[in-house]
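User: I'm new to this one and would like to see how the labels follow from the values. Can you walk me through it?

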Amino acid sequence: MNSTSLTTETTKTKTLVINALFIALTLVATMFINLKLPIMGNGGLIHLGNVPLFIAALVYGKKTGAIAGAFGMAFFDLISGWAVWAPFTFIIVGLMGYLAGLIAEKTPGKRVLVNSLAVAAALIIKVVGYYFTEVIIYGNWVLPFGSIPGNIMQVVIAGIIVVPLVGRLKKIS
């Protein structure tokens, strides 16, 4: 076996392990570190699943961010009684991870500002995506407004946790 194929296999294995790790971390943080908000409509579920999602996207890039978010949170929906949400979650959160990672990879500038912009873009995707998901699921244009504060809160909290850490994590990755 030559060194080129060994390096390629090592890289593929490392990528597979990192993706699997962040899928699991996203699932666990969503499942076990959460709080259901008692407000109108769906009300919203505040969870810390966005923390590993943003770490994956900002440290390892758009593909890992998309994979971690899409699979980790959709698995949560499937095994936690929210199965009707799973296809929407897969698309919305996968897009959040992809766009956050893309912005972090391609945008020049001070990393704290770029990472904050990436989190803000993900926030917009989450709020808009879940608003229209709830319109589809509930058949009501007003009821989904009740989930917006929870969606904003969970992304902002994740951003506050992740943005200061990412620079240090990138150095050791």
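This is a predicted model: local features need pLDDT of at least 70, side-chain atom pairs count only at pLDDT 80 or more; totals for chains, interfaces and linings use all residues.

User: Which ring pairs with Phe-71 edge-to-face, and what makes the pair edge-to-face?

Analyst: That's Phe-90: the ring centres of Phe-71 and Phe-90 are 5.0 Å apart and the planes sit at 90°. Pairing needs centres within 6.5 Å, and planes over 60 degrees apart count as edge-to-face, so this pair gets that label.

User: What does the pair of Phe-71 and Phe-90 tie together?

Analyst: Phe-71 belongs to helix 3 and Phe-90 to helix 4 (residues 86–106), so the pair links parts that are 19 residues apart in sequence. Phe-90 is partly exposed too, with a relative accessible area of 36%.

User: How many aromatic pairs are there?

Analyst: The count comes to 9 aromatic pairs. Take Phe-71 and Phe-75, with ring centres 6.0 Å apart and planes at 55°.

User: Why is the pair of Phe-71 and Phe-75 called tilted?

Analyst: Stacked would need planes under 30 degrees apart and edge-to-face over 60; with planes at 55°, Phe-71 and Phe-75 are therefore tilted. Both sit in helix 3 (residues 62–79), 4 residues apart, which means about one helical turn separates them. Phe-75 has a relative accessible area of 38%, so Phe-75 is partly exposed. Elsewhere, Tyr-131, Phe-132, Trp-141 and Phe-145 form one aromatic cluster.

User: Why does the span of helix 4 agree with what it should be?

Analyst: Helix 4 has 21 residues, and at 1.5 Å a residue they should span 30 Å. The end C-alpha atoms of helix 4 are 29 Å apart, so the two agree.

User: Which residues of helix 4 are buried, and what covers them?

Analyst: Among them are Ala-86, Thr-89, Ile-92, Met-96 and Ala-100. The cover includes helix 2 (50–60), helix 3, helix 5 (111–138) and helix 6 (148–172).

User: Is Asn-151 buried or exposed, and how do you know?

Analyst: Buried means under 20% relative accessible area, and Asn-151 has 8% relative accessibility, so Asn-151 is buried. Asn-151 lies in helix 6 and touches Leu-123, Lys-126, Val-127 and Tyr-130, leaving aside residues up to four places away in sequence.

User: Which residues have the most contacts inside the largest nonpolar core?

Analyst: Those are Phe-54, Leu-58, Met-96 and Val-162, in a core of 36 residues. Helix 1 (3–32), helix 2, helix 3, helix 4, helix 5 and helix 6 each supply at least two residues of this core, and helix 5 gives the most, with 11 residues. Leu-58 touches residues including Ala-100, Ala-104, Val-162 and Val-166.

User: What does the UniProt annotation "transmembrane region" cover?

Analyst: In an unreviewed entry, UniProt gives residues 16–39, 82–100, 112–132 and 152–169. In this model, residues 112–132 are 100% helix with end C-alpha atoms 30 Å apart, while residues 82–100 are 79% helix with their ends 25 Å apart.

User: Why does the radius of gyration of the protein chain agree with that of a compact globule?

Analyst: For 173 residues, a compact globule would have a radius of gyration near 16 Å, and the protein chain has 17 Å, so the values agree. The C-alpha trace spans about 60 × 35 × 25 Å along its principal axes. The protein chain has 6 helices and 2 strands, and buried residues make up 46% of its 173 residues.

How values were computed
Residues are numbered from 1 along each chain as its sequence is written. Side-chain values use heavy atoms; hydrogens and water are left out. UniProt positions are given in the numbering used here, feature names are shortened, and annotations may be inferred rather than shown by experiment. Buried means under 20% relative accessible area, exposed over 50%, partly exposed in between (1.4 Å probe, protein chains only). The expected span of a helix is 1.5 Å times one less than its number of residues. Contact means heavy atoms within 4.5 Å. A nonpolar core is a set of buried Ala, Val, Leu, Ile, Met, Phe, Trp, Tyr and Cys residues joined through side-chain atoms within 4.5 Å. The radius of gyration is taken over C-alpha atoms; the globule rule is 2.2 Å times the number of residues to the power 0.38.
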